[in-house]
Structure formats: C-alpha cells, structure tokens
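Q: Could you walk me through this structure, one feature at a time?
A: Gladly, let us look at it together.

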Amino acid sequence: MASDSWAQALTRLCVCVYDKAAQSLLNKLIRSNLVNTTNQVEVLQRDPTSPLYSVKSFEELRLKPQLLQGVYAMGFNRPSKIQETALPMMLAEPPQNLIAQSQSGTGKTAAFVLAMLSHVDPENKWPQCMCVSPTYELALQTGKVIEQMGKFYPEVQLVYAIRGNKLERGTKLQEQIVIGTPGTVLDWCQKLKFIDPRKIKVFVLDEADVMIATQGHQDQSIRIQRMLPKTCQMLLFSATFEDTVWNFAKRIVPDPNIIKLKREEETLDTIKQYYVICNSKEEKFQALCNIYGAITIAQAMIFCHTRKTAGWLAGELSREGHQVALLSGEMQVEQRAAVIERFRDGKEKVLVTTNVCARGIDVEQVSVVINFDLPVDKDGNPDNETYLHRIGRTGRFGKRGLAINMVDSRFSMNILDRIQEHFNKKIEKLDTDDLDEIEKIAN
Ligand SMILES: Nc1ncnc2c1ncn2[C@@H]1O[C@H](COP(=O)(O)OP(=O)(O)OP(=O)(O)O)[C@@H](O)[C@H]1O
C-alpha cells in the first residue's frame, strides 16, 4: 500500500513538472507578440543611491550596430516595459546582477539574449556566456531567439549543451554562447571539461520557477554557479515569484537588483455572466445550439471537464456545421500549439478544450466563454481561480465579455452558487428556449 501511494505521488509530481515546462513551451510556441500590460515595474536597486536608468528606445542602449539591426529585423520598435529597466542594468559597466520576474510574454528572453550577445567578445573563441533552461525544448526555443537576434553578427556562435549532443572527449568548445539544461552543462564544465567555467562572463538562469519544480535541477544549477568567477554577471528570470523561487534566486544571484512586473489583474467586472439549467449533456448541447442560433458569436472557447465530453461535443458541433478546434490531453505540445494558432488566426471559430489543456494559455480575442462543465478541483469543490482565469480572459482591455455556465445537477447548481458567493457577483439565469431572451444578452 505504502509503495503504491508513493508511486502515485511520484506520478502526480511528474505530471505537474511536465505540466509547468509544457505550459511554458506552449506559451512560447503560440506567442507572436508581447503581452499587453499596463502595470508598472517595481525596481529594487542594490545601491539605492545610484540613479535609475530606463530607456525608451533601443538606440539609447548604444548597442553594436549588428545587434540593433537584429533587433529591428525582429520587428521590435521599442523596448517592452520590463526591458526598459532591465536592459540598462544588464548592459551597465561594471555588470550588475539581476533577478527579474514578469509573466510569460513580457520580453524577458529577448532582454537577456540581447545582454549575452552584447557581452560577447567575438575575437575570443571560447564560451563566455552561458544560459541554463529547464528542458531541452525550452533551451532550443531560447537558442532560436539568439540565432534570430544575432543574425547580422555571424562571428558569434552558439552551442547546445543538451543530452544527445555528444562531443568527442577532449573537445574544447569555440562557440561563445552555451545554452543547455543543467545536467549536461554541469557535465560539460566538470566531468568532460568542454567548457572552462572560469571564463564565463554572463550566466543566465531562465524559468527559475519551472527549474525548481524539476528534481535535481536546483542543486545542479547551484553547483554550476559555484564554479563561475566572482566577477561573472548573474541573471535569473522567472514568471512567478513564490518563496521557494525567491530562496533559490538568492542562492544563485548575489547582490541582486530586482525587477518585478505585476501580473495584469483578471476581473469579472466587465463580464456578463449567465447560467442555463439543463438535465443532461444532450440538453446542454441543445442549449448551446439555441444560443448559436440566436446570437452571432465571433469566437468561443468551450470548457469541458473530461477529454471524453470534449471529444463528444466537438463531434456534435462539427455535425452541426461549426468549424471546431479540439484541444485534447493526449496531444503533444507542438500539436496543441498548432491547434491554438489556427484558432487564433480565426480558421476555427470554436475551441473545445478540457481545463488541463487550456491552463495558462491566452487567446485574447475570445468574446464568449462557455463552461459546458463548471470547474471543480479534485475534491469536488468549486475551482474559483480557474473560473476567474477562464472567464477573466474574455473581458480584457476594456472589451466586454460574455460567460455562460451550464448547470445539469444539484451538485453543479451548488458549485455555481458557491462561485457566485466567492466573487460576490450575480450570475443571471438564462432561458435558452426563449430566443428573445438570448438575443438580449448580446446587447
Ligand atoms: N521590444 C519588443 N518589441 C516587440 N516585440 C517584442 C519585444 N520584446 C520581445 N518581443 C516579442 O514578444 C514575445 C514575447 O517575448 P519573450 O519571449 O522575450 O518574453 P518572455 O517574457 O521571455 O516570455 P516567455 O517566458 O513565455 O518566453 C516574443 O514573440 C518576442 O519576439
């Protein structure tokens, strides 16, 4: 029995770790722009008496012309919120250490890539900048950004320290930038000696929150950091900043400057919420058809509790002539990204998904969210946070959103009541047999 529950706990842990890295990768794959934010950055300087520099243009940074060209070729016109303060700190002389936290998509990767490329001396044919990422796939994504931004700077070369990249014993790397996962980077420095860690000038630890969720990565990262010279610039990035991440960050980055960008608050204020009473999933489907018959819905996201329901519903909707995209648990991250991309491009108008699949992804233009099943946690209690996250995405940046909840039992009615109570916001009843009533909600 004991070993059984231990195995179960381990499986849960693996799923959770995979989930974090997978979510992060998914966001990178589907993101083509900066995330819109109106929040201010919070800056804590190591030396509070020194003036705080922030830049409004890339020119002000006095970048090498090849790099400025690379930045513009990527379509960046001006630094993002986090880049405005992070870049001057990272490019300062003498180099400054930095811990930066901001949600995914706010320009962290682009910032540290620019810092690494700026600090490289292309004449020196040995590793000078090192970046560790939690997974092979995430390392590849960062590598791609380095390649894009360094497109006009071909003297600077990049090597991937990832499992599977086997080099001959005795190799001395000539590439100036190393990007990899902690285990392989550690081996390349310590056991195989492909890299001389004492020559590293910039050390980046990316996705610290994902990193510490993986067994062993924390220790390996600290061991790498211990081999670097005192003068090496240490930079750490994270999307979230709970205590565990903070404690780890302090061990990796001595005397840090700290930059934080608050997450955009999700709110239910601009969203009209309704519920519909049904008796079965077939009735819920009929109610959905009635809604579609009465109002024009540009794009909708429909959330189901299980993969099975999501698959069934997607099939029924397709038969009704809707163009449906289905996000399903068994899909690879790349497949999920492709589905989301098609939906974002408007190729499909309805996205049916389970909550697990959709966690953490942003599709901003959705105007209608339908909870085909209400979100509950594993103990059967209302999952308020998920509710807010699902619904909160519809009414962003001043747009008005519409949320419709399907109730099919006393149990789900109770969940709905508790959600209502939690947010202290009324969810109105909607009769989907009454076309006039449905039409009204669209106004
Ligand atoms: N200054 C900028 N102007 C315009 N676009 C930018 C700028 N900086 C970054 N981007 C783009 O915005 C998107 C998000 O940037 P980036 O990947 O650097 O963010 P991030 O905070 O590292 O997020 P993640 O951790 O999810 O990768 C990318 O498509 C990137 O090319």
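A: We start with residue classes: Ala, Val, Leu, Ile, Met, Phe, Trp, Tyr, Cys and Pro count as nonpolar, Asp, Glu, Lys and Arg as charged, and the others, Gly among them, as polar. The shell around the ligand holds 5 nonpolar, 10 polar and 4 charged residues. Please keep in mind that this is a predicted model, where local features need pLDDT of at least 70, side-chain atom pairs count only at pLDDT 80 or more, and totals for chains, interfaces and linings use all residues. Residues are numbered from 1 along each chain as its sequence is written, and side-chain values use heavy atoms, with hydrogens and water left out.

Q: How many residues surround the ligand, and which are the closest?
A: A residue is near a molecule if one of its heavy atoms lies within 4 Å of it. Here 19 residues surround the ligand, and the closest are K28, R78, S104, G105 and T109. Helix α4 (residues 108-119) gives the largest share of this shell, 3 residues. Helices (H or I, at least four residues) and strands (E, at least two) are DSSP runs, numbered from the N terminus.

Q: What share of the ligand does the protein bury?
A: Accessible areas come from the Shrake-Rupley method with a 1.4 Å probe. Taken alone, the ligand exposes 620 Å², and the protein buries 85% of that.

Q: How is the chain divided into domains?
A: Domain bounds come from an automatic or database domain assignment. In this chain they give domain 1 (31-261) and domain 2 (271-442). Taken over C-alpha atoms, the centres of the two domains are 39 Å apart.

Q: What is the strand order in the open sheet of 8 strands?
A: Two strands pair if DSSP finds at least two bridges between them. The order is β1-β8-β2-β7-β6-β3-β5-β4, with mixed pairing. At the edges are β1 (41-44) and β4 (158-161), each pairing on one side only. Within the sheet, β2 (residues 98-101) and β7 (residues 233-238) run parallel and are joined by 4 bridges. Q101 has S238 in β7 as its bridge partner.

Q: And why is one side of β11 and of β15 left without a neighbour in the other sheet?
A: That open sheet has 7 strands in the order β11-β12-β10-β13-β14-β9-β15, with parallel pairing. β11 (324-327) and β15 (428-429) stand at its edges with a single partner strand each, so one side of each has no neighbour in the sheet. Strands β9 (residues 271-277) and β14 (residues 401-407) pair in the parallel sense over 7 bridges, and the bridge partner of Y274 in β14 is I404.

Q: Which peptide bond is cis, and where is P94 found?
A: The bond from E93 to P94 is cis, with omega near -5°. P94 sits in the loop between α3 (81-91) and β2.
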